[in-house]
Amino acid sequence: MFFRLVADSFARRPRRKLLTGAALALGMAVATAALSVSLDVGDRLAHEFRSLGANLVVTPQADSLPLEIGGVDYRPVNAGAYLPEADLPKLKTIFWHNNIIAFAPILEFNTGVMARPEKLGAPGKVIKAKLIGTWASYPVKLSDGTIFTTGIEKTNPWFQLKGRWFGHAADANPRGNDLVSMLLPQDQCVLGEKLAAQMGVGTGALIYANISNGDELKAYWNAEAYGVCRITGIVSTGGDEDSAVFLPLARVQQFTHQPGVYRKLYVSALTKPEDDFARRDPKTMNADEFERWSCSPYVSSIAYSIKQVLPGADVRVVRRVAEGEGRILTRVRALLWLVTAAALLAAALAVGASSAASVIERRTEIGLMKALGAGSGIVGFLLAAEQLLLAFVGGGIGYSIGIILARLVGEKIFGAAPEPSLIVFLVILALAAGVTLLGSALPLRRASRYEPAPILRGE
Amino acid sequence: MMTASHTSNRSMFWRIVRRLLTANLSRLFVILLALGAGAAVTAALLNLQIDAKRRLTNEFRSFGPNVIIAPRNSNDSTATLRPATISESLLDQLPLQEGNRPVPAAALLYTTANVTAYSDEGIHNTQLGSGLVVLTGFRVNSETRIFPYHVLNPNHGVILDAETCDVGERVASQFRLQFGGVLQWKVAGKEGECIVSELDSFGGAEDSQVFLPMESVQKLTDMPHQVSLLQLIVSGTPKQIEKYVASLQKQFPDVDVRPIRQFTEGEASIYNRISGLLTATVAIVLLLTGLCVMAAMTNIAIERKNDVGLMKAVGGSMRRVLRLFLVEAAVLGLAGGIVGAAAGILISIALGKAVFGVAAQPRLIVYPVAVALTVVVAILGAYPLRRLANIRPASVFRGEA
């Protein structure tokens, strides 16, 4: 009988139920969309912040002080310490290896470069420039056999390249002075925009770099004194690197006779915004706190675990990048949660109003039921059951609409849709049920006080 | 006569509207609740959205400088032995940004010097080491912190009557310098010293520099009123920054004004994402809130069947009846909107405070927009009453349909 009453109520006034259901579905769609986007946005934005480049920089601990002015390091090449390149795959073995998005080792060499003279043997114009040895789309072989491709184009994503990056040879061949070896991948280089303009060369041209330590550069053809490379691209960086030459790391190691080392490492890692806890010195923490600290991807705890796998390295947080990122992430997250809360509130009120209206208009029915001997409890239960049924159906439909909306927003803005999550579904159903019941509760209480007689008389 | 009937018609019209509104108070309350909630959310979100975008661009300040003013051809190291400089007066001539906001900036002058570090000022101090470091003369034009950094000795004391310097983390660790340590240098026959008052961690080139007052370094290098470069924090949307850089370059054609691409571009892409996200979320929420309120309104409107039947029975034309209900809806929308939007703006002020720490400024334009939107939604919600045009009064009174 109970179910018949409920079913009858739906069958008798389908339009009315449809409208209440529609309000519910729309309200819950808003809630779902806002919730899904808010849940997802932290990760997406953290990725987005990587467009600011590396947030960690690794240097040798024993290194002498860099005398860096305007991006040029005035230390002599042989001063200071270096780090072994062979340790780098270990970066992807730390606890936070999935958070390490990219890294690129750097080895610099200040020297003179010149464009190929018109005539072999003729003097060329020598320009002081910095050679930057690094990786570009470099395949790193990890200990588990997989390949991780990384390089400067990922740690410094604001670089704009015309052409392509240099290649990497699997093994560095001994270099001859015949034309064939010039075409090998490790003989390629990328030129900074300003330097290219100064030298008057473009993609495809050959340039020469002085690699004989110390000697004044003379323009003559000598494979011992010159490193040759073919330009594969021109890069615009908006910084001091615009006057530099980018080469494969192995090549600069060859030039400086320092095989297998680098001097600086940029690491780009996904991090959690730092809070007061994260800023504490790990040395002052007790075991529990340390556990909690190292199990949160704070930039400082990632720096700490990198330090563990790179002996002799000093890992620093690039405060400019890390701090701004943390602040903005926190703000945006809070903002979206607020929008979500507002959406939930609006949805709840509108749905509540809708269900309240649907109870109010059923006074006659309630009066009749009471006249036939139904107690307030049964009447309330019946109406609540109807509303709940509506809530689950409406909530379910709303959830699907909301997921589609969240997907649209996610794809439009971040190029990736948020994953539908079960938690959101359950929260939405619970919310729908709660809101409809609350919305109906007030009118229901009044309904339970109705005297059947005046209602049936139509007063 | 004509006017009299017109007037009485009109007064009757409003009387009916009044009655329609007050006949069922609990229903009135429900409608106002739905409309008010919609208006509140609309006003709050619109206000927050306008405010949040502006505030976000301000938050980008925490990334530090994003524009550099440097001498022309400063990269051409072959040009001269003496490093190129620009006039320090530029720092004080920087034009205001849109909205009369000052641009926080720092002037920097670099030089290298051989320094010797001592543990403290006392007679029995120990020499900690010596070596080449970069000395940076530093002057800012505002209270705003230009470079984001961490102070490594947060609870340091005060040094009086002596020249103090802030040292970068690497310098400190190289010389094992602590608060109160002393750095001495000799450059071209000139001597100087400073007492370390702060150890800072930047995570950049600044970590290996010693920061001194601008005048000391200018005296040391014999370059009065000259600086190596200026670093500026220009805030605003990507377009505003571009415009400011262009106008700056126009105003000072002798120097090179260039944005730091790492930050300007990163900020631009992040700003676009976040503002797109906000706009999209707010638009969806507003749209669905409107639909939601409309569905609730429609629900309520349809139950007016009896009223429509009665009005038609006593000779009301459908047009007049409909007008009656639409006016009722508009009045409701106006009331709900006026109260709801005001509440919404108050809410957004509090919300702005919660997110950005500063109360969101109420935008006056938001208020009429939110009220108008609510009225439109209310009228649209009442529109399904048109379907009642083909109601036969008789069947309504018989209790059918």
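I started with a salt bridge: B:Asp207 pairs with A:Arg316, with the closest N and O atoms 3.8 Å apart. My rule asks for a side-chain nitrogen of Lys or Arg within 4 Å of a carboxyl oxygen of Asp or Glu. I count four salt bridges between chain A and chain B.

Ground rules, for the record: this is a predicted model, where local features need pLDDT of at least 70 and side-chain atom pairs pLDDT 80 or more, while totals for chains, interfaces and linings use all residues. Residues are numbered from 1 along each chain as written, chains are lettered from A and ligands numbered from 1 in written order, and side-chain values use heavy atoms, without hydrogens or water.

Next, I looked up the contact (heavy atoms within 4.5 Å): it takes 72 residues from chain A and 80 residues from chain B. The two chains bury about 7000 Å² between them, 68% of it on carbon and sulfur atoms; that is accessible area (1.4 Å probe) lost on being put together, summed over both. A:Leu65, A:Arg316 and A:Arg320 supply 12% of what chain A buries against chain B, more than any other three residues.

Then rings, which pair if their centres lie within 6.5 Å, using the six-membered ring for Trp; planes under 30 degrees apart are stacked, over 60 edge-to-face, the rest tilted. I find 22 aromatic pairs over all chains. A:Phe95 and A:Trp96 have centres 4.8 Å apart and planes at 75°, so I log them as edge-to-face. A:Trp135 and A:Tyr138 sit at 4.2 Å and 15°, so they are stacked.
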